[in-house]
Amino acid sequence: MRCDAMRCDAAPLCSPRCSGAARGRTPLVGLTHRDAGADTPQSWGRIPSRALPGLRPRRMNCSCSLTAAPPPVPPAPPAPFRPHLPPPFMADPRRSWFLFGLNAEEAAGAPGPGRQRLGLKGAVIRRVCPAWSCAVLDTGSGLQLLSAGRRRPLPEDCTAALPSETHVVLLRGAAVQAWPLAAALRDELRGEPAWSRELPPGARPALPLLPGGFVAPRPPFYTALPRETPLRALALGHEHAVGLGQAGEVYGWGAGRHGQLGHGSLESEQQPRLVEALCGLPVREVAAGGWHSACISDGGDLYVWGWNESGQLGLPSRAVAEQQGEDEDVGAGLQDPPLPGEPPGAAFISIQAFPALLDLPMEPAVAAVSCGSRHTAAVTRGGELYTWGWGKYGQLGHRDRASCDQPRRVEQLRAQGLQALEVVCGPWSTYVCVLQQGGAQGSHPHSTAPALKAGTERGSCPGELSPHP
C-alpha cells in the first residue's frame with residue numbers, strides 16, 4: 001500500500017498532531033517560564049503539547065487506495081538518457097533573488113543601497129551562501145564573492161564555498177581549502193592555504209559535510225564525526241550544529257546554554273546526540289541560527305527550539321512585548337508590569353529547550369526554513385514567505401524595523417505577484433528567491449527584470465523589493 005497524502009491515518013508517523021492523538025501520547029514540547037529575567041532551570045515547567053494553542057490533532061483527506069495492485073505490465077524499452085536539472089536551477093528569466101536587511105555594503109562600512117535585487121548580468125543565480133559582511137553567489141557557471149560593492153570571481157575549479165568574516169572554505173577539485181577572506185577579496189588565492197584536506201577519489205561532498213566529518217569557515221576548520229552517525233545534511237549555528245540522519249532523525253551538539261540542541265537541558269554536547277523528542281518523526285530539513293534551531297517534518301510541520309529573546313522561535317517574547325509597548329508610547333517597562341494589553345500571568349518564553357511545534361497562520365505546510373542570528377524565515381508549499389524575530393535592520397521584509405514574536409507573512413511579495421521558492425538567512429539579512437507569476441494583479445512593473453546591479457540601486461522605503469524612479 002502506498003499513501004500519497006502526507007497527513008493521514010495511513011501514514012502514522014507523518015505528523016505528531018495525527019499520530020500523537022491516535023496513540024494517546026502527550027509529547028513534552030519545551031521549557032517555559034513567566035519571566036524572561038528568570039533564567040534558572042528552577043523557574044521552568046514542562047508543558048504538554050495539548051496545553052499550547054494550535055497543537056491539536058489534524059487529519060486531511062487521503063487519496064491512497066487499499067485495493068489489490070493490478071497485474072504487472074511488461075517494462076517498456078529504456079529511453080535514452082537525458083540529464084535533468086531540477087526546476088530551481090533552470091535559467092528562468094522570471095526567477096530572481098531579493099535581499100532584506102543588512103547588505104554587504106552597509107556591513108563593510110561603505111554606503112550601500114539598503115535593499116537590493118540580486119543578480120549578475122547575463123547569469124541567473126542558483127543559490128546564495130551569506131555571511132555577515134559578504135556572500136557567495138553560485139551562478140551555475142562559476143562562483144562570485146560579493147562584499148562592499150565588489151564582486152570577485154572565485155577560481156574556476158571551485159564548485160562550492162562557505163564564507164565567514166575571517167575565512168572562506170572552497171571545494172576545489174579533489175581538495176577542500178580554507179583561505180583568509182582578505183586574500184579572496186584581493187584575488188590572491190596563491191601559495192599555501194590556511195588549511196587543506198584531500199578528498200577520497202570520487203567524493204562529491206555537499207558542504208559543510210565531508211567524508212568522515214564536516215568543515216566550518218573558521219579555525220580549527222575540520223571536525224571528525226563518529227562513524228556510527230552518518231548524516232545526509234548539516235546546519236551550522238554560531239556555537240552549535242544540527243545534523244539530519246539518513247533515516248530522518250535529528251542530532252544536536254555543541255554549546256547548549258540557550259537550549260539550541262533540543263535535548264531539554266542547557267548542557268553542551270561534544271558529540272552528536274539524538275534529539276529524542278523528535279524520535280519517530282521523519283524529518284527532511286534542518287536549520288541552525290545564532291542560538292536557535294528548526295526542522296521540517298516530511299508532512300510539512302515546523303519545529304523550533306533554542307533562544308527566543310527576540311521572538312525568533314515565534315513564541316511570546318518579553319523583549320518584543322516591551323518594544324511594542326514603547327512604540328505605542330505608553331511608558332511600558334520592567335517597573336510597570338503587566339504590559340499594556342497583557343493579561344495577568346501571561347507566559348513569556350526566553351528558552352525553549354525541547355522542540356516545539358509552530359503553526360503558521362492558516363496552517364500551511366512548510367517547504368523550507370532558514371535561521372539567521374536572531375530571526376527565522378520559512379517558505380510554505382503555496383509559495384508564501386513568513387518571517388519573525390529580530391527586525392532592526394529590516395531583515396523581516398515588513399517595511400519596518402520592528403521585531404515580531406509570531407510568524408508574519410511578507411505581504412509585499414504577494415502584492416507584487418511574486419511566489420517565494422527558496423529562502424536563505426544571513427546573520428542580519430534574508431535572501432529570498434522568487435518567481436514572477438504571469439498576469440498577477442498588482443505585480444511590480446520591474447519585478448521580472450533579472451536582478452542586481454550590486455551597490456548601484458537605492459530603495460526609497462524600508463523593505464521595498466525593487467527601486468522606484
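His258 is placed in the loop that runs between strands β18 (250–254) and β19 (269–274). Helices (H or I, at least four residues) and strands (E, at least two) are DSSP runs, numbered from the N terminus. The model is predicted, and local features need pLDDT of at least 70, side-chain atom pairs count only at pLDDT 80 or more, and totals for chains, interfaces and linings use all residues. Residues are numbered from 1 along each chain as its sequence is written, and side-chain values use heavy atoms, with hydrogens and water left out.

With a relative accessibility of 15%, His258 counts as buried; buried means under 20% relative accessible area, exposed over 50%, and partly exposed in between (1.4 Å probe, protein chains only). When neighbours within four places in sequence are set aside, the residues in contact with His258 are Leu266, Trp291, Gly306, Trp307 and Ile351, where contact means heavy atoms within 4.5 Å.

The loop between β18 and β19 also holds His263. This second histidine, His263, is likewise classed as buried, because its relative accessibility is 13%, below the limit of 20%. Apart from neighbours within four places in sequence, His263 is in contact with Gly252, Glu269, Arg273, Leu274, Val275, Ala353 and Phe354. A polar atom of the His263 side chain lies 3.0 Å from the backbone oxygen of Gly252.

The protein chain as a whole contains 5 helices and 29 strands. Of its 469 residues, 51% count as buried. Among contacts with a separation of 6 or more, 53% involve residues 24 or more positions apart. The accessible surface comes to about 22500 Å², and carbon and sulfur atoms contribute 54% of this area. Accessible areas come from the Shrake-Rupley method with a 1.4 Å probe; for residues, only the protein chains shown count as cover.

Several strands are paired, which requires that DSSP finds at least two bridges between them. Strand β20 (residues 283–288) and strand β21 (residues 292–297) are antiparallel partners over 5 bridges. The two are joined by a hairpin of 3 residues, and Ala288 stands opposite Ser293 in β21.

Another open sheet of 4 strands has the order β24-β25-β26-β27, and its pairing is antiparallel. Here β24 (366–371) and β27 (404–409) stand at the edges with a single partner strand each, so one side of each lacks a neighbour in the sheet. The strand-to-strand twist averages 15 degrees. Strand β26 (residues 385–389) pairs with β27 in the antiparallel sense over 3 bridges, and Tyr386 stands opposite Arg409 in β27.

Technical notes:
Polar contact = N/O pair within 3.5 Å; in protein donor to acceptor, adjacent residues only side chain to side chain. Axes fitted to C-alpha atoms, helices over the stretch in contact; angles between N-to-C directions.
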